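Okay, thanks for coming, everyone.

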Amino acid sequence: MLDVVERLVVDGGPEGLTVRGLAAASGVSNGAIYHAFGSLPVLLGRLWLRAAEELLNLQIELVDAAPGDGHEAAVEAVVAAASAPAVFADRRPMAARLLMTTRRDQLLGPQVPEELAEAMFALDKRLMMLLSGLARALWDRADRAGVEVMTLCVVDMPTAMFRRTLTAPSADGLPEIGADSRERLKAAVRAALTLPPPPPHVG
């Protein structure tokens with residue numbers, strides 16, 4: 001069911017999704033859809049959460065597998081985390097397009113069920129732990145400035161460099177991030193890491 005929703009949202013945007021359209025595309029009745037998810041906002045929230053969790057799990061996997069020792073290993077771990085969206089696009093192209101084209105707040109209605117809100121909070125907390133851990137491994141500090149640099153490298157730079165490819169229409173709907181873009185991202189991240197974060201604010 002979520003795979004069908006993913007495709008429909010990527011193709012037509014979240015505002016174009018209806019229970020009737022989903023029922024027609026999936027072969028599942030309207031009643032069964034409502035019984036399983038309760039509402040479209042909940043369904044869309046779970047869709048976004050699934051994709052975001054998969055990407056974060058991949059980032060953690062790649063960080064843990066980063067080569068090297070000491071400072072070199074810390075740098076390569078950040079590069080690996082930054083490169084994860086491209087790897088994710090290879091494995092789960094529709095999910096990668098979903099995350100790049102649709103903000104979380106676009107999918108959730110004003111009333112977010114407590115269970116879903118808690119899952120979103122837990123995901124945010126795991127991401128913050130990843131960013132803090134990377135900053136601590138590289139600079140032995142995980143203050144606001146250090147985490148902001150990690151966010152720049154792991155979130156902002158990949159989004160800026162891969163957005164065009166992941167949002168552009170393609171004949172088969174499957175994005176392909178080229179080797180040149182991947183290597184330029186890695187070079188940009190390594191360059192950004194040559195400068196330490198600003199000194200902690202005192203007072």
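So, going from the N terminus, the order of elements is α-α-α-α-α-α-α-α-α-α. That's 10 helices and zero strands. Before you get too attached to any of it, this is a predicted model.

A few overall numbers. Along the principal axes, the C-alpha atoms fill a box of roughly 55 × 45 × 25 Å. There are 203 residues, and 41% of them are buried. If you take the contacts with a separation of 6 or more, 68% are between residues 24 or more positions apart. On charges, we have 20 positive and 25 negative, and their mean positions sit 4 Å apart.

Then, just after α1, you get Gly-13 with a positive phi of about 80°.

Two of those partners also pack on each other. Helix α2, residues 19–26, and helix α3, residues 30–37, have axes 9 Å apart and an angle of about 110°, so α2 and α3 are roughly perpendicular. On the α2 side the contact uses Val-19, Arg-20, Leu-22 and Ala-23, and on the α3 side Asn-30, Ile-33 and Tyr-34.

The other two partners do something along those lines. Helix α4, residues 40–64, and helix α6, residues 93–101, cross at roughly 105°, and their axes come within 10 Å. That again makes the pair, α4 and α6, roughly perpendicular. Here α4 brings Leu-47, Trp-48, Ala-51, Ala-52 and Leu-55, and these meet Ala-95, Leu-98 and Leu-99 of α6. If you're following the spacing in those lists, remember that an α-helix has 3.6 residues a turn, so residues three or four places apart point the same way.

Next, a single residue. Glu-76 is in helix α5, residues 70–91. Is Glu-76 buried or exposed? Its relative accessible area is 18%, and the cut-off for buried is under 20%, so Glu-76 counts as buried. Leaving out residues up to four places away in sequence, Glu-76 touches Ala-66, Pro-67 and Arg-190.

Moving along, have a look at the loop between α8, 114–139, and α9, 144–167, where you'll find Asp-140. Asp-140 isn't a glycine, but it has a positive phi of about 55°. This one is exposed, with a relative accessible area of 66%.

Pro-197 is in the segment after α10, 179–192. Pro-197 is buried, at a relative accessible area of 6%. What does Pro-197 contact, leaving aside neighbours within four places in sequence? The answer is Trp-139, Arg-141, Ala-145, Gly-146 and Val-149. To put a distance on that region, Pro-197 and Glu-148 are 49 residues apart in sequence, yet 8.3 Å apart in space, C-alpha to C-alpha.

Key. Residues numbered from 1 in each chain as written. Predicted model: local features only at pLDDT ≥ 70, side-chain atom pairs only at ≥ 80, totals over all residues. Heavy atoms only, no water. Helix = DSSP H or I, 4+ residues; strand = E, 2+ residues; numbered from the N terminus. Buried < 20%, exposed > 50% of the residue type's maximum accessible area, 1.4 Å probe, protein only. Contact = heavy atoms within 4.5 Å. Lys, Arg positive; Asp, Glu negative; His and termini not counted. Charge placed at Lys NZ, Arg CZ, Asp CG, Glu CD. Axes fitted to C-alpha atoms, helices over the stretch in contact; angles between N-to-C directions. Parallel < 35°, antiparallel > 145°, perpendicular 65-115°, else oblique.
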